Amino acid sequence: MSARGAARLFSTDHKVIGLQYLFLSLIAVTTGMILSLLMRYHLAWPAGRLPFITGGIMTPEQYLALVTMHGTIMVFFVLTTAPQNAFGTYFLPLQIGAREMAFPVLNMLGFWLTSAAFIVLLAAFFVQGGAPISGWTAYPPLSGLGDITGPGEGMGQTLWIVSILIFCVASVISSINFIATTIEMRASGMKMMRMPLTVWAWFITSILILLSFSVLLAAGVLLLLDRSFGTSFFVPAGLVVTGQLQSHSGGSPLLWQHLFWFFGHPEVYIAILPGMGVTSQLLSNFSRKPVFGYPAMVVTLSAIGVLGFSVWGHHMFVSGMSPYSGFTFSVLTMSIAVPSAAKTFNWIGTLWGGKIQFRTPMLFALGFVSIFITGGLSGIFLAQPAVDNMLHATYFVVAHLHLVMGVAAIFGVFAATYYWFPKMFGRVMNETLGKLHFWLTFAGAYAIFVPMHFLGIAGGIRRYADDSGAAYLVGLQPLHAFMTVAAFCTAAVQLIFFWNFFASMKSGAPATPNPWDATTLEWAVPSPPPPDNFGSTKITVYRGPYEYSVPGAPADFIPQNLPPTTTGDGGFPA
Amino acid sequence: MSGNWMSSTALTTESAEPGIPQRVYPTGMILTLGAILMFFMALFSAWVVRKGLSTSPLEAPISLPWRLLSLNTALLFASSGALEASRRFLRAGDTAKFRIWWCAATILGVAFLVGQFEAWRELEGQGIYFASNPDASFFFLFTGAHALHLIGGIAGLLIIALKPLRQLTRNTATRIAAIYWHFLTLIWASIFLLLIFAK
């Protein structure tokens, strides 16, 4: 590799690193999607033959390996990496008027550790026994004993844990960088309550990452010790696996669940909060109206973050917990509906009476709101311990989590991609292809996941490789087939996106510095921004982030850095 | 100039890289401590839960080398004190005393680690190993995790003492090193107290 190539590859420029994160998550999402298509194919046609599988027909263990790897790749390397690290690393410094992140070298280190974690995870496919079968939650004792518990539980599971440990370190490093940058690197006049809501979302998300990934790191270390050094943190006494008494004594599988979900629930918000920030910004931008209730948006983001740490027990309602604990977790869980509903109310309030421009990024932001509501509402069902007793581990949960955490977050990523593409690459994406991509993906996502709720209500159990043997589910097999066809169609639609993305990078129409007539600071620099962002220009912020359609102003937007004297009437609300 | 900033010329001419304000470093360090604290909190809570489950006589509490551990605790507190003294001399402009006390703090830190290692060997002498029993597992885990963090701290103290600084001014460098070092002293004190309470 040339010296210049290496310099660019190992760059400490936050914009280069942001793009590196973006491309890493594009590779990861493609991998994860292919795994899900294989799973969906097998669920619809369990006897169907697949050319690249030994024996032709997928075994239940191979199916579980796909489940594990799909979940892990999507949760960590897509939903944590793209909304937070890709767009946050690129746009946080620009939006607060900073020249760089606070710790440029740590920024680069975070990316390379994340990449290393991804490679270690993928390596699990290629070791003896293959990828682990214990799911993305890796519950012991299944995950704690080695290959005696199944194929993939030997080297594959060890690689999985090592990958997650590396990912934890990378995420914590990057979150420290985000928080320090937000606190210490803001341009003059950029008070906290003038920060764009995207910045607020990345900031709160970083705090969640800092506090929760450290706990997962500790849990992962304990699990690794149980597997490799014979300790008994999680593996209980007297355990007999395939006729052999295990030598472990007295550990608690529930302890893992507590530690894991203390991370795992905040993780849900780590995936979704950045999407909420982007949606808030876009709804305002494309309605040509200020965000309705900006302070409330900040308070609700924070409230969701705080509450997110107190509800992990709702993942464990069926673990035999005390009914009083269950009740507490249930009430706290349902209380998250309050800030969530307040946010939704404010989004609608932002749209109300606006001059709405249905551009592609706006469509995806609106799609985010729709899917967040649909997916969120089923969460209120699941928050009831009595209802959860029936729905736990069914496809109802799978449908819920995919809509609210997966699809909604991905819609946030698409919105961000279409919105910031002109800034990142200096070119504009094709609007017609973008709209086609939106409508087909929007319809496709609902087509896949709405029927899944019914399968769950009927008692369809998740993680089963083949429902066709269960008499009470045989009648629903056509539903599986429908979801699979919808999944393949929706996946095919993403080719439109990829085409649009790469073709526009090469030959899209050149972008102006501020193609959306937006107010925040990233639009004050050329597209793409120069390496030193604002150069020698001293950035001063005079007003809040969403000054759209201010009465009496010469234009329907006032950039944050525009001095009061140039707006014509001596200044607008600061 | 180049080389050791502990020489008196370095103390007056060292400057920070432009663009990134010095205040990000203490902020970054305090955030790092937040992450480390959560890591140890997770281990502590795991221990409390796990201890509540130990009903088998095989899981009886182990007897720890209390005298040695108390000595180690004293060494670590002395090290923290020496580091503070060193920073006081730095502020007063007394480079020679600053250097002596900084080295003393580092040496006391190393002595603590040697003492901890000795405690491990005493346990080994009793036939108690990492996986022998949950108390032993957690003891080795707490002390091991703390020692790893402390080794990082010693590396930091040495780097600050021996290498020229690029991005950090001397005040920032000594300040963040001290924040980290005192934090590790407090973490050890918490571990030690927990062990005493669990006796």
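This is a predicted model: local features need pLDDT of at least 70, side-chain atom pairs count only at pLDDT 80 or more; totals for chains, interfaces and linings use all residues.

**Stop 1: a helix pair in chain A**

Select residues 60-96 of chain A, which form helix 3, and residues 104-123 of chain A, which form helix 4. The axes of these two helices are 12 Å apart, and the packing angle is about 160°. Angles over 145 degrees count as roughly antiparallel, so helix 3 of chain A is roughly antiparallel to helix 4 of chain A. The crossing of helix 3 and helix 4 of chain A is left-handed.

Now show side chains where the two helices meet. On helix 3 of chain A, pick A:Thr72, A:Ile73, A:Phe77, A:Thr81 and A:Thr89. Facing them from helix 4 of chain A are A:Asn107, A:Thr114, A:Phe118 and A:Leu121. Sorted by class, this contact between helix 3 and helix 4 of chain A has five polar residues, four nonpolar ones and no charged ones.

**Stop 2: where chain A touches chain B**

Display both chains and select the residues in contact between them: 30 from chain A and 27 from chain B. On the chain A side, helix 5 (155-184), helix 6 (197-228) and helix 7 (253-287) each supply at least two residues. Which helix of chain A gives the largest share of the side that touches chain B? Helix 6 of chain A does, with eight residues. The chain A side of the contact divides into 20 nonpolar, seven polar and three charged residues.

**Stop 3: the nonpolar core**

The largest nonpolar core has 226 residues. Select A:Ala218, A:Ala219, A:Leu259, A:Ala408 and A:Ala415, the members that touch the most other members of this core. Then centre on A:Ala219. Setting aside neighbours within four places in sequence, the contacts of A:Ala219 are A:Trp256, A:Leu259, A:Phe260 and, from the other chain, B:Ala42.

**Stop 4: chain B**

Chain B has six helices and zero strands, and its pattern along the sequence reads α-α-α-α-α-α. Colour chain B by burial: of its 199 residues, 32% are buried. Among contacts in chain B with a separation of 6 or more, 78% are between residues 24 or more positions apart.

**Stop 5: cis peptide bonds in chain A**

Return to chain A and select A:Pro140 and A:Pro141. The peptide bond between A:Pro140 and A:Pro141 is cis, with omega near 5°. A:Pro141 is in the loop between helix 4 and helix 5 of chain A. Next select A:Ser527 and A:Pro528, which are also joined by a cis peptide bond, with omega about -10°. A:Pro528 belongs to the segment after strand 4 (509-510) of chain A.

**Stop 6**

Although A:Ala138 is not a glycine, its phi is positive, about 45°. Is A:Ala138 buried or exposed? With 22 other C-beta atoms within 10 Å, A:Ala138 is buried, because a residue with 20 or more counts as such.

Finish at A:Thr242, in the loop between strand 1 (240-241) and strand 2 (244-245) of chain A. Phi of A:Thr242 is also positive, near 40°, in a residue other than glycine. A:Thr242 is exposed, with 7 other C-beta atoms within 10 Å.

Technical notes: Residues are numbered from 1 along each chain as its sequence is written. Chains are lettered from A and ligands numbered from 1 in the order in which they are written. Axes are lines fitted to C-alpha atoms, for helices over the stretch in contact, and angles run from 0 to 180 degrees between N-to-C directions. Helices (H or I, at least four residues) and strands (E, at least two) are DSSP runs, numbered from the N terminus. Angles under 35 degrees count as roughly parallel, over 145 as roughly antiparallel, 65 to 115 as roughly perpendicular and the rest as oblique. A crossing is left-handed if the near helix is turned anticlockwise from the far one by less than a right angle, and right-handed if clockwise. Two residues are in contact if their C-beta atoms, placed from the backbone, lie within 7 Å. Ala, Val, Leu, Ile, Met, Phe, Trp, Tyr, Cys and Pro count as nonpolar, Asp, Glu, Lys and Arg as charged, and the others, Gly among them, as polar. A nonpolar core is a set of buried Ala, Val, Leu, Ile, Met, Phe, Trp, Tyr and Cys residues joined through C-beta atoms within 7 Å. A residue is buried if 20 or more other C-beta atoms lie within 10 Å of its own, exposed if 12 or fewer, and partly exposed in between; C-beta atoms are placed from the backbone.
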